[in-house]
Amino acid sequence: MTLNILMGGEERMPLLLPLIARENPDVLVLQECLGWEDGERLGQVAAAMNLPVTDAHVRLGTARPRPSGNRYHVAVASRLPLRSARAHNDAHFIGHCLLECELETGTEPLTLFAAHFDSHHENLRFVEARYLRSLLAPSTFAQGAFLLAGDLNSLSRADPYPVDLADRLRRAGLDKYGHPPRFDVIDELEGFGWVDALRRRPASSRWVTARRQRGAEVIELRTDYLFASPRLAERLLGADVVDVGAASDHHALTATFTEP
């Protein structure tokens with residue numbers, strides 16, 4: 001499961017923790033973990049999942065500082081033991097943090113990329129997508145188990161947007177997707193071979209993860225994704241959007257896979 005918790009969760013932790021406990025994911029990816037350096041809220045998440053607070057099960061990927069000084073960290077909590085974790089946060093390539101984890105499955109390892117792409121411009125996010133590509137040998141990716149989860153701040157041309165999306169975005173003053181809106185990042189990921197779990201096997205008709213209102217303009221978007229490598233996608237049972245209510249300004253996204 002992946003979820004952007006909005007500015008560290010703040011006073012919404014009493015809503016977020018029961019949600020996490022109810023969904024009970026095997027692997028959880030959280031974005032915007034501001035102020036989590038002391039480990040308190042990461043420990044609360046681990047407790048909600050009945051996990052020990054050890055490096056074998058929870059990791060905080062340290063984000064690079066933004067001009068404001070804020071660090072939008074990425075967190076991973078996993079029932080599967082974490083063999084290793086590496087935070088990619090070079091400001092030349094990464095907007096916040098790309099946390100690369102290797103998970104022990106009992107058979108072949110699973111490599112997870114927990115992501116939060118830049119929110120400002122498609123060009124910056126495209127650099128992140130290309131950086132991710134540089135980490136993966138095509139043959140290894142094609143044959144291995146890889147998962148990309150997070151808030152990519154990007155649009156997919158496969159989602160059922162209205163024909164007047166460009167006009168709506170312009171009226172709302174939402175500039176980060178471009179005018180007209182661009183789909184370069186998701187095109188790049190899918191061009192490499194990543195499979196969009198929600199589009200490959202949707203468990204319902206739900207697809208919106210971010211509903212934005214600017215004045216009288218209301219726009220429904222999906223910026224959160226779970227992508228699988230081709231071989232892992234063969235084991236996909238289904239993916240769905242989970243309504244989180246007032247717990248965040250994003251809805252969660254889940255995907256279920258069969259055992260290897």
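Reader: Which strand gives the most to the lining of the second largest pocket?

Author: Strand β10 (residues 210-214), with 3 residues. Strands (E, at least two residues) and helices (H or I, at least four) are DSSP runs, numbered from the N terminus. One caveat: this is a predicted model, where local features need pLDDT of at least 70 and side-chain atom pairs count only at pLDDT 80 or more, while totals for chains, interfaces and linings use all residues. Residues are numbered from 1 along each chain as its sequence is written, and side-chain values use heavy atoms, with hydrogens and water left out.

Reader: Who lies nearest the centre of that second largest pocket?

Author: Glu-32, Ser-119, Asn-153, Lys-176 and His-250, out of 22 lining residues. A pocket here is an open set of points on a 1 Å grid over the protein atoms alone, where a 1.4 Å probe fits, with protein on both sides within 12 Å along at least five of seven lines; lining residues have an atom within 4 Å of a point. The lining divides into 7 nonpolar, 8 polar and 7 charged residues. Ala, Val, Leu, Ile, Met, Phe, Trp, Tyr, Cys and Pro count as nonpolar, Asp, Glu, Lys and Arg as charged, and the others, Gly among them, as polar.

Reader: And what volume does the largest pocket have?

Author: About 670 Å³, where grid points are joined across faces, edges and corners and the volume is the space filled by probe spheres set on the points. It has 26 lining residues, and Asp-26, Val-27, Leu-80, Ala-255 and Phe-257 are the closest to its centre. By class that lining has 16 nonpolar, 5 polar and 5 charged residues. β14 gives the most, with 4 residues.

Reader: Asp-26 again: what does Arg-79 form with it?

Author: A salt bridge, with the closest N and O atoms 3.5 Å apart; the term needs a side-chain nitrogen of Lys or Arg within 4 Å of a carboxyl oxygen of Asp or Glu. Arg-79 sits in the loop between β4 (74-78) and β5, and Asp-26 in the loop between α1 (13-23) and β2, so the pair ties together parts 53 residues apart in sequence.

Reader: Switching topic: what's the strand order in the open sheet?

Author: β5-β6-β7-β8-β12-β9, with mixed pairing; two strands pair if DSSP finds at least two bridges between them. β5 (82-88) and β9 (195-196) are at the edges with a single partner strand each, so one side of each has no neighbour in the sheet.

Reader: How do β8 and β12 run?

Author: Antiparallel, joined by 5 bridges. Ala-149 stands opposite Leu-226 in β12.
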